[in-house]
Amino acid sequence: MVFVIVYTSHSLGLFAGMDRILQDRLQGGRPVDSSLVIVAIDDESLQKIGQWPWPRLEFAKVISSLNQVAPARLGIDVMFAEDSRLGQADDLALETALSQANYPVVLPVEALDLKLSNGTPTSTRLTKTKPQFTNKPVVLGHINLITDPDNVVRLYPHIIFDSSGNSIPSFGRLMAGREIDENELLVRSIVYAGAPGSVTRIPFWQVANGERLSELAGKKVLIGATAADLQDTQSTPVSFGTKMPGVEIQSNIANMILQNWSLHEVSPWQMLFFIFIASFLPLLWFFLFRRTWLVLIVSLVSGIVAI
């Protein structure tokens, strides 16, 4: 009877909150691939360069400077979907720098109406970088994440499909530089390496001034906002009260792919077997020990060991 009640409750999702809490215990305490570096649009850079949004010339300077050290790839987690407020010359500076980059560049796409149709992430409304910026060596990756009911980001779409059926890989996957197997899970759990700040950061203004370029040679470089005022942060299982910048979440996605980490839910048959054993053991303890207090202690210890 206990087995039937518990399995039915689990099937109805009554333990979803506890499942998420236990899943969070698996996060953190892992290494970050040394090739990943964030060039941070941080408070220090905002003070040095000025009010956001910056001229696109600032990004052009960084892109051009990186030609000297040839990073493995560059991902810019900033959307250039509209004309520059400073005019065509500002857009032209960025367009020229991108076309002359001697390394792969990843620019973002965002699905505004992401839906999971039978487990397949789809969108009919996409915000994309302006077409003039998307010539080679530029590729596009989506930056969408999936937020659970408790407002914590634990999942991301490995691929999303537009209204024409075209697939768009995730930004983090492209930064990892791994090929896509479209038969794999389309929605995946993010394996976080550690708390916010675990990925190496270099202030944007230093790179724009030509400083610390040697630290970026051969690296997978991600540019994105870390300043709290820019409000590109999310709660994660490893936040511990400090939200994680979106660019660092993308870095964690790239890291988990580089490290070949993954979290998979057990199959329904495995869950059925586990619940049966968990329901059967207390009955066995009663037959063996006969004393309620001893059965309670043994059951509690068994539960803690299982968790």
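Me: How much space lies in the second largest pocket?
Reply: About 470 Å³. Bear in mind that this is a predicted model.

Me: Which residues lie nearest the centre of that second largest pocket?
Reply: Asp-77, Glu-110, Ile-143, Asp-232 and Gly-246 lie nearest the centre, out of 19 residues that line the pocket.

Me: And how does the lining of the second largest pocket divide into nonpolar, polar and charged?
Reply: The lining has 9 nonpolar residues, 7 polar ones and 3 charged ones.

Me: OK, cavities now. How many of 30 Å³ or more does a search of the whole structure find?
Reply: The search turns up 1 cavity of that size. The space in the largest cavity comes to about 40 Å³.

Me: Which residues line the largest cavity?
Reply: Glu-95, Leu-98, Ser-99, Gln-132, Phe-133, Thr-134, Asn-135, Lys-136 and Val-138. By class, that lining has 3 nonpolar, 4 polar and 2 charged residues.

Me: Which helix gives the largest share of that lining?
Reply: Helix H5, residues 88-99, with 3 residues of the lining.

Me: Switching to the surface. Which residues form a nonpolar patch there?
Reply: Phe-273, Phe-276, Ile-277, Phe-280, Leu-283 and Phe-287. Together these residues have about 600 Å² of accessible area.

Me: Where is Phe-287 placed?
Reply: Phe-287 is in helix H9, which covers residues 268-289.

Me: Is Phe-287 buried or exposed, and why?
Reply: Phe-287 counts as exposed because its relative accessible area is 55%, and exposed means over 50%.

Me: What about Ser-302, where is it found?
Reply: Ser-302 is found in helix H10, residues 292-306.

Me: Why is Ser-302 called partly exposed?
Reply: Its relative accessible area is 25%. Buried means under 20% and exposed means over 50%, so a value in between counts as partly exposed.

Me: How far apart are Ser-302 and Ala-278, in sequence and in space?
Reply: Ser-302 and Ala-278 are 24 residues apart in sequence. In space, they are 8.9 Å apart, C-alpha to C-alpha.

Me: Now the whole protein. How many helices and strands?
Reply: The secondary structure comes to 10 helices and 16 strands.

Me: What box do the C-alpha atoms fill?
Reply: Roughly 85 × 40 × 30 Å, taken along the principal axes.

Me: Last one. What percentage of the residues in the protein is buried?
Reply: Buried residues make up 42% of the 307 residues.

Methods: Residues are numbered from 1 along each chain as its sequence is written. This is a predicted model: local features need pLDDT of at least 70, side-chain atom pairs count only at pLDDT 80 or more; totals for chains, interfaces and linings use all residues. Side-chain values use heavy atoms; hydrogens and water are left out. On a 1 Å grid over the protein atoms alone, a cavity is a set of points where a 1.4 Å probe fits but cannot get out, and a pocket is an open set with protein on both sides within 12 Å along at least five of seven lines; lining residues have an atom within 4 Å of a point. Grid points are joined across faces, edges and corners, and a volume is the space filled by probe spheres set on the points. Ala, Val, Leu, Ile, Met, Phe, Trp, Tyr, Cys and Pro count as nonpolar, Asp, Glu, Lys and Arg as charged, and the others, Gly among them, as polar. Patches are made of residues with over 30% relative accessible area and no salt bridge: like charges are joined within 9 Å, nonpolar side chains (Val, Leu, Ile, Met, Phe, Trp, Tyr) within 5 Å. Accessible areas come from the Shrake-Rupley method with a 1.4 Å probe; for residues, only the protein chains shown count as cover. A salt bridge is a side-chain nitrogen of Lys or Arg within 4 Å of a carboxyl oxygen of Asp or Glu. Helices (H or I, at least four residues) and strands (E, at least two) are DSSP runs, numbered from the N terminus. Buried means under 20% relative accessible area, exposed over 50%, partly exposed in between (1.4 Å probe, protein chains only).
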